[in-house]
Amino acid sequence: MTKRSLNQLPAAALDGQRALVRVDFNVPLKGGAVTDDSRIRAAVPTIAYLRDHGARVVLLSHLGRPKGGPDPKYSLQQIVRDVERVLGTPVEFIPDLATGVAATRRLPRGGVALVENTRFWPGEESNDAALAKQIAALGDLYVNDAFGSAHRAHASTEGVAHILKPAVAGFLMEKELKYLGSALDQPRHPFVAVLGGAKISGKIDVIQALLPKCDQILIGGAMACTFFASLGLEVGKSLVEPDRLTLAKSLLTQGGQKIVLPRGATIAPSLERAAERRQVSSDAIPADMAVFDIDQATCDDFRARIMSAKTVIWNGPMGVFETPPFDVGTREVAQALVAATAKGATTVVGGGDSAAAVAGLEDRLTHVSTGGGASLEFLEGKPLPGVMALDDA
Ligand code: ADP
Ligand code: MG
């Protein structure tokens with residue numbers, strides 16, 4: 001599934017051309033101000049390359065989940081200043097599609113415009129063909145750099161790519177496909193997956209897709225409690241999915257030795273009563289306590305397994321990492337991945353909360369995916385519509 005990349009286009013395909021770039025500028029806002037501009041910064045390599053090659057850049061993105069048409073709360077006008085600051089160049093705002101085409105034609109070579117929130121237009125989320133055609137009129141070529149939106153077949157991510165050609169992957173998209181793709185398709189063995197988070201239900205497809213490819217799947221998070229319960233162990237007041245016990249049991253049968261459950265847990269009466277926490281082995285969880293993290297023995301076990309791997313994929317925190325001291329297990333696993341990376345292993349982290357949990361360590365891991373839901377669907381082996389629609393390499 002190799003897709004044509006931006007740097008595979010000849011210079012003439014870019015010079016003076018209007019490049020319509022789907023980015024992911026779905027940034028967090030507080031009182032109209034951008035609180036984290038990393039998604040804008042992540043798009044810089046693609047935008048800079050286009051400008052350097054004389055293209056006229058037209059940026060498209062969604063922001064939030066507006067319901068039923070334009071809403072100032074979700075207007076991309078709010079982020080124009082930030083895009084200008086990050087790019088170091090003026091950015092023209094295009095409020096609507098009708099007048100937008102003329103505005104894109106007026107852009108100078110190297111100029112940049114930002115179009116209003118794609119989700120303001122009826123037909124974006126239903127991938128309406130007429131809307132896709134209107135969007136396509138804003139450019140002479142299409143570049144998709146929004147990996148985080150690629151699992152959705154929307155007019156601005158999928159429909160437009162069938163109409164506006166060439167349709168290629170931007171550099172951020174290319175990087176995501178390269179690292180997630182090669183980790184899954186040609187992993188160096190031993191290949192270890194670390195899965196955690198709240199629920200098995202959201203991760204069944206990931207477990208099933210990874211089982212035939214991995215050598216080991218290490219399970220942490222609340223998810224482990226559903227596995228414990230399926231084995232008849234007491235899990236107290238822990239978060240479990242009672243309707244998934246049969247499923248958990250069958251995954252354990254299917255996975256055999258490959259599925260590694262935590263040896264023990266860090267438990268407490270409640271999140272608020274963290275001072276009363278203690279560590280117990282997995283078969284000794286009291287009925288009046290809940291599991292909020294893995295214990296030290298599990299950290300050590302997981303670390304040793306991670307350190308002996310050549311490829312590691314991690315999705316889902318080992319505990320309630322947002323609430324210290326229950327972040328210890330997640331931190332230790334993050335450090336084990338850092339150490340494995342230093343030893344030459346390929347380490348890939350996917351998932352929204354998991355990416356947050358390794359914030360600051362990005363440079364010491366092989367790849368931290370920017371696409372929460374998209375990276376999960378990728379790990380599940382599902383084709384991403386926004387990727388499929390791009391030109392083949
Ligand atoms: P990701 O976004 O990386 O895919 P998930 O959304 O699946 O990860 O899981 C993250 C959530 O799981 C976090 O909010 C975390 O608090 C929760 N979680 C992890 N372990 C536990 C636990 N033992 N009990 C309750 N919640 C947990
Ligand atoms: Mg999450």
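I began with the surface: the protein chain exposes about 16000 Å² of accessible area, 52% of it from carbon and sulfur atoms (Shrake-Rupley method, 1.4 Å probe; for residues, only the protein chains shown count as cover).

I noted the ground rules. This is a predicted model, with pLDDT of at least 70 needed for local features and 80 or more for side-chain atom pairs, while totals for chains, interfaces and linings use all residues. Residues are numbered from 1 along each chain as written, and side-chain values use heavy atoms, leaving out hydrogens and water.

Next I checked burial. Of the 393 residues, 56% count as buried (under 20% relative accessible area, 1.4 Å probe, protein chains only).

Then I looked at contacts (heavy atoms within 4.5 Å). Among those between residues at least 6 apart in sequence, 73% join residues at least 24 apart.

I turned to aromatic pairs (Phe, Tyr and Trp rings, the six-membered one for Trp, with centres within 6.5 Å; planes under 30 degrees apart are stacked, over 60 edge-to-face, the rest tilted). I found 3. Phe 147 and Phe 378 form a tilted one, 6.4 Å centre to centre with 55° between the planes. Phe 147 sits in the loop between β7 (141-144) and α6 (155-163) and Phe 378 in helix α14 (residues 372-379), so the pair ties together parts 231 residues apart in sequence (helices are DSSP runs of H or I, at least four residues; strands are runs of E, at least two; both are numbered from the N terminus). Phe 147 is buried at 1% relative accessibility. Phe 378 is buried too, at 10%.

Notes
Chains lettered and ligands numbered in written order. Buried < 20%, exposed > 50% of the residue type's maximum accessible area, 1.4 Å probe, protein only.
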